[in-house]
Amino acid sequence: MSVEQPVSFGTPEVPRVAVRGEARLECDPEIARLGVTVSARGRDRRGALEDLTRRNARVLELLRGYGEAVERLETGAFTVTPELPERGRRERVRTYHGRVLVEATVGDFTVLGEVTSRLADLELTRVDGPWWALRPDSPVHREARQRAVREAVTRAREYAGALGAELVALVELADLGAEEGGPVWPAPPGAGMRAVGFGGAAEEAPALDLEPQRQTVQAQVNARFTMSAPAL
């Protein structure tokens with residue numbers, strides 16, 4: 001019993017049309033990510049570690065105080081590094097540097113400016129961000145993919161119609177680059193905002209006025225169809 005193989009290339013009796021469908025949507029962001037770096041420095045390891053622990057706890061307390069507005073809170077890299085004198089042969093530590101990275105995802109933009117300002121006002125605390133983004137399961141991604149598919153069908157139908165033919169069947173539908181393992185997407189761009197806090201402020205820092213950065217979602221598909229014999 002022979003198994004009929006799919007047609008890889010078109011024939012005069014069953015021509016094939018290959019097209020690319022593309023979609024590009026612009027929308028408002030859904031989340032903003034902040035990177036908070038807490039630092040400490042001391043002549044002895046224990047003192048540097050205690051200062052780092054205290055400052056890190058203050059950052060976490062501040063962020064947790066916003067409840068569900070901060071959707072995700074994670075601790076990244078943690079380091080305590082001894083610094084040796086630039087000259088001298090003896091391994092005598094001059095000072096210790098401590099650092100903790102905290103990553104926060106904020107979903108309520110009405111508090112984002114206040115959160116950012118309060119974090120930057122803390123002692124030896126650096127704030128990077130915000131990096132605006134959509135949630136991974138955002139319906140915008142699905143809408144872009146569906147539009148790309150519809151665009152592919154429309155384009156293929158137009159090609160067939162120009163030859164007096166009609167589409168017969170779909171042979172293949174694939175994301176662009178699927179055969180090569182998929183494209184490597186760049187990291188989402190940030191808004192370029194950066195703040196560093198040195199502590200010592202007597203009053204509460206004013207809230208920053210942050211304007212969300214519009215997001216661009218793209219989808220591309222390759223589609224192959226068979227069509228009826230053209231009227232040449």
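## Helix α3 and what follows

A helix here is a DSSP run of H or I with at least four residues, numbered from the N terminus. The model described is a predicted one. Helix α3 covers residues 139–162. Glycine 164 follows α3. The phi angle of glycine 164 is positive, near 70°.

How far apart are the end C-alpha atoms of α3? They are 35 Å apart. The helix has 24 residues, and at 1.5 Å a residue it should span 34 Å, which agrees.

## The buried residues of α3

Which residues of α3 are buried? They are Val140, Ala144, Ala148, Ala152, Ala156 and Ala160.

## Helices α1 and α2

Helix α1 spans residues 45–64, and helix α2 spans residues 112–120. Their axes come within 11 Å. They cross at roughly 165°. Angles over 145 degrees count as roughly antiparallel, and α1 and α2 are therefore roughly antiparallel to each other. The crossing of α1 past α2 is right-handed.

Which residues meet where α1 and α2 touch? From α1 come Arg58, Val59, Leu62 and Leu63. From α2 come Val115, Arg118 and Leu119. By class, this contact has five nonpolar residues, two charged ones and no polar ones.

## Isoleucine 31

Isoleucine 31 lies in strand β2, residues 31–42. Is isoleucine 31 buried or exposed? Its relative accessible area is 3%. Buried means under 20%, so isoleucine 31 is buried.

Leaving aside residues up to four places away in sequence, isoleucine 31 touches Glu71, Thr105, Val106, Phe109, Trp131, Trp132, Ala133, Leu134 and Arg135. One of these contacts is phenylalanine 109. Isoleucine 31 and phenylalanine 109 are 78 residues apart in sequence. In space, their C-alpha atoms are 7.9 Å apart.

## Threonine 105

Threonine 105 sits in strand β4, residues 95–106. At 12% relative accessibility, threonine 105 also counts as buried.

What does threonine 105 touch, not counting residues up to four places away in sequence? Its contacts are Ile31, Ala32, Arg33, Ala69, Val70, Glu71 and Arg72. Glu71 is among the contacts of isoleucine 31 and among those of threonine 105. Isoleucine 31 and threonine 105 also touch each other.

How values were computed
Residues numbered from 1 in each chain as written. Predicted model: local features only at pLDDT ≥ 70, side-chain atom pairs only at ≥ 80, totals over all residues. Heavy atoms only, no water. Axes fitted to C-alpha atoms, helices over the stretch in contact; angles between N-to-C directions. Helix = DSSP H or I, 4+ residues; strand = E, 2+ residues; numbered from the N terminus. Parallel < 35°, antiparallel > 145°, perpendicular 65-115°, else oblique. Left-handed = near helix turned anticlockwise from the far one by under 90°. Contact = heavy atoms within 4.5 Å. Nonpolar A, V, L, I, M, F, W, Y, C, P; charged D, E, K, R; others polar. Expected span 1.5 Å × (residues − 1). Buried < 20%, exposed > 50% of the residue type's maximum accessible area, 1.4 Å probe, protein only.
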